[in-house]
Amino acid sequence: MSKKFNITGLCIPERDYMADISGKLDTIIKQYIRQGRYFTINRARQYGKTTILYLLEQKLADSYLVIHLSFEASDEMFVSLYTLAVGFLRKITRLLRQQNANPSLLCNLNEPISEQFPLDDLSERITCLCRHSEKEIILMIDEVDKSSDNQIFLSFLGLLRAKYLAQMQKKDYTFQSVILAGVYDIKNLKLKLHPEQETKYNSPWNIAADFMVDLSLKPEEISAMLLDYEKDHATGMDISAISRLIYDYTSGYPYLASRICQIADERLPAAGAFAALSEIWTQEGIAAAEQLLRKEPNPLFDDLVKKITDFPKLKQMLQDILFCGSSFPYEYENHLIQLGTTFGFLKESQGNAVIANRIFETKLYDLFLSEIAVENTLYQSGSMERNQYIVHGSLQMKLVMEKFCEHFTEIYGTSDASFVEAHGRKLFLLYLKPIINGTGNYYIEAQTRDQKRTDIIVDYHGTRHIIELKIWHGNEYHKRGEQQLLEYLNYYHTDTGYLLSFNFNEHKKTGMQEIILDGKHIYEVTV
């Protein structure tokens, strides 16, 4: 059976094209498991947690006895302390039998559990198992937060904690290492229990070591996956460049990186837009795959929409970052920052909270813009006049800028400065979106976005258009903006750029003018 790119459930190296995460696995084993650490791998949905546990189990099997469980679909275990003890031991017994463990280890596990003191009996069974096992035992539990809003679950964590502390004092025998995997941080249960309330719950999991291993895929790790694919398909792709491009779109989010590859491998050939695989595994082909990804319904995007609906304050923060260039210090103790990080929407960059990756960023832009597009006059203008902006498959960006200036001046020319400053960039994107929709991509250059400046990159049929949006802050600042745009054009090896200024000066002159700087054509539009 030939390998495939896999985005559902467990990835297996013999069956699936996979990124090389061996370095991450070695770090986890060396710095956590061999050191006897108890820890939680809490990452956003579809971040490869289940695959990480599976691969760890394979690497550890020779040296340790690994008990790998999942709490998914285990609600009946958490009805009472008694059902917890019985259900946990049943799961362990089943796994040990599958591994052909020494029968002597199983006898004690099958003894009746006291209904009056179920946790005490469970503790004794764990002690006996770990004491008599020839190998140290690693306990892994996936989907651990499925039942983390249950008091019985807290009692279970308390049991593990008590045994861990007793073993440290050489008063008990228990697991060498415990790994709990889920979306939510078990050390901070209030995030899951009552996300909109101030009530706090102290988690018994305060013994856990902070898990500091970055699970996002680096370009060189993505390259290993593409190299494996290239051996089978001989596309002639530039593996290093394509890996970097996929990373630029995804920031290494495992699901997104694999899904782009899967679309390129399976959907694009069937669509017929590219003559051969060699044309697909190019910058234009990967851009087409990314665009299809953003448009498709999938569990990750469904969850994104659900979360920002459930947490309106988080939604407002994301909108402020995207449209207003607002800067929020990355303080993990901040409830909204913590939520955004837990869900995978936010990350830390140079001390500030930023959108986690370009795909999420564009998806959020599309989502927020769609909420106001239907009743927005600028959006309707861009949509109705779309055909005049596309000539022989090429986007006429100069005309787009001219027409935006006309429409914006007509509709919002008398608006006060505060309105334009808060909504100007949003209105330009509303105008642009229906023009490039279905064919082109756009994204915001996060490194330059702030309250005064935003750089927009538009890719249309392989041609890149650079647009700088600025809030007017005087001539000197404006000249610096021209120079910054010039540097950006040099970086992207293009000769034409656009500078859109939202100017609140009463004596401003609206319209477009062309200037030439160092041989580059810059069209300046003032509204």
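## Aromatic pairs

Phe408 and Tyr412 are both buried, that is, under 20% relative accessible area with a 1.4 Å probe and protein chains only. This is a predicted model, where local features need pLDDT of at least 70, side-chain atom pairs count only at pLDDT 80 or more, and totals for chains, interfaces and linings use all residues. Residues are numbered from 1 along each chain as its sequence is written, and side-chain values use heavy atoms, leaving out hydrogens and water.

Rings of Phe, Tyr and Trp (its six-membered ring) pair if their centres lie within 6.5 Å; planes under 30 degrees apart are stacked, over 60 edge-to-face, and the rest tilted. By this rule there are 32 aromatic pairs. Tyr38 and Trp205 have ring centres 6.0 Å apart and planes at 35 degrees, so this pair is tilted. It links distant parts of the chain, 167 residues apart: Tyr38 is in strand β3 (residues 38-42), Trp205 in the loop between α7 (190-193) and α8 (219-233). Strands (E, at least two residues) and helices (H or I, at least four) are DSSP runs, numbered from the N terminus. Tyr38 and Trp205 are buried. The rings of Phe408 and Tyr412 are also tilted, because their centres are 5.4 Å apart and their planes lie at 40 degrees.

## Charges over rings

A charge sits over a ring if NZ of Lys or CZ of Arg is within 6 Å of the ring centre and within 35 degrees of the ring normal. Arg358 lies over the face of Tyr443, 3.6 Å from the ring centre. The charged end of Lys426 sits over Phe323, 4.9 Å from the centre of its ring.

How values were computed:
Buried means under 20% relative accessible area, exposed over 50%, partly exposed in between (1.4 Å probe, protein chains only).
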